[in-house]
Amino acid sequence: MASITMSPSIPCDNHLTQERHRAFREKLRTFLAEHADPIAEQHEAETRFPRELLQKMGREGYLGVPFGAQYGGAGLDPLSLAILIEETSRCWGSLGIILAAHIGLGSNPIAMWGNEEQKQKYLVPLARGERLGGYGLTEPQAGSDSGATLTSAVLDGDHWVLNGTKCWCTNATEAFSYVVSAVTDPDLGKSGISAFIVEKDFPGFSFGKKEDKLGLRASATGTLIFDSCRVPRENLLGERGQGFKYFMQTLDGGRITIGAMSLGLAQCALDEVAAVLVKECLTADLFEHELRLAPLAEMAVDVAAARSLVYEAAITRSLRPRWTLEGAVAKYLASEVGMRVSSKAVEMLGERGLMMNSRVSRAFRDAKLCTIGEGTNEIQKVVIARELLRTLEA
Ligand SMILES: Cc1cc2nc3c(=O)[nH]c(=O)nc-3n(C[C@H](O)[C@H](O)[C@H](O)COP(=O)(O)OP(=O)(O)OC[C@H]3O[C@@H](n4cnc5c(N)ncnc54)[C@H](O)[C@@H]3O)c2cc1C
């Protein structure tokens, strides 16, 4: 088994990262090696949510990485967030998706569009890691076509009354607050969708069963049910009717984190294979093993390409107001790499790779989510092609 503080990779980030990024990565690796790696496998086997670990990570500032210090965050840049998700996923995919959903989906929309009161009430405890956040956009009939939302919100005095169901929500039951979409003005199509902050204890809010997933088994995924759920009027997030726009922009950021997650899983698979080959090949005649060395090279090149695109997208996010193309490209390539590299790693390690408790089999099962979540890769192709044509139009 590879040590999680050691990682062979083709250097492709020298021109991208500054010393502070390297220092952030090293400190995080040490933390994960001490606190996350030793408990990961047991939690996966028992589908146990890592609550205590998240509290520790919260105290270290990892749950509020991109948010300003005035809101309890660490005030770091999008590249640091990508490194956070890459490294946690390299150690433990479930931890990666929990953080990606908490930061990118459950907290970021409040940082972006919340008013001061909402930021103080919700963002501060989320950024400090005292509470966990979730995000409800997907519905049974509204996955790829998220504009087909049926959940409704009707104003009744000082409250919005929500009715509907959100499915596949990461951190469901574990999160305290959820950013959800609902139709406030049915005649206006997508311009009639608004965003709300819903606390799990609001009357009329309940959860469906926890999903039993192929991978990411220690993370929680479930259904949010709104049955005449009463949400205080002031919990409308941003402007009425702007929800669809907010949710699409949120996904632009989420795609970079899913790319980073895929990258971490691919790196994990590469690390495991390299740790085995370094013992078995370098002690013998290299040419006897060339058939095993070639796939290692392919994997390393794949990982380097994914890293370049994920970091490029993260840097674009800090430089430009719009990064739709870069985010979709990074998510698409990195998640394909995650599948390709982890699958190859399972094959290369043979029966050792197939065992449920091997790191490569876990990476392989976890990587599949990344080609689906935050928009499937078929949808990424549509986004990429549209964005390319848009640049020609401009
Ligand atoms: C583990 C996990 C965690 C998740 N976490 C969250 C979360 O926290 N919050 C949340 O809101 N959602 C979450 N999701 C939901 C996720 O975003 C959706 O699964 C995803 O958007 C795809 O939607 P769908 O599953 O309904 O697939 P569908 O939209 O039903 O698509 C099914 C298939 O049809 C294809 N397809 C659909 N439309 C087109 C088209 N126009 N062109 C080409 N092909 C098309 C798709 O590519 C796909 O292969 C999560 C999903 C998973 C698996």
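In the predicted model described here, 22 residues of domain 1 are in contact with 25 residues of domain 3, two residues being counted as in contact if their C-beta atoms, placed from the backbone, lie within 7 Å. On the side of domain 1 that touches domain 3, helix H2 (37–45), helix H4 (78–91) and helix H5 each supply at least two residues, and H4 gives the most, with ten residues. Helices (H or I, at least four residues) and strands (E, at least two) are DSSP runs, numbered from the N terminus. By class, this side of domain 1 has ten nonpolar, six polar and six charged residues, where Ala, Val, Leu, Ile, Met, Phe, Trp, Tyr, Cys and Pro count as nonpolar, Asp, Glu, Lys and Arg as charged, and the others, Gly among them, as polar.

The chain is divided into domain 1 (19–127), domain 2 (133–243) and domain 3 (244–393), with bounds that come from an automatic or database domain assignment. The C-alpha centres of domain 1 and domain 3 lie 20 Å apart.

The ligand is surrounded by 23 residues, of which the closest are Leu137, Gly143, Ser144, Thr376 and Glu378; a residue is near a molecule if its C-beta atom, placed from the backbone, lies within 6 Å of it. Two or more residues of this shell come from each of helix H5 (93–113), strand S1 (133–136), strand S3 (159–170) and helix H12 (377–393). Domain 2 and domain 3 each contribute at least three residues to the shell, which by class has eleven nonpolar, nine polar and three charged residues.

Residues are numbered from 1 along each chain as its sequence is written. Because the model is predicted, local features need pLDDT of at least 70 and side-chain atom pairs count only at pLDDT 80 or more, whereas totals for chains, interfaces and linings use all residues.
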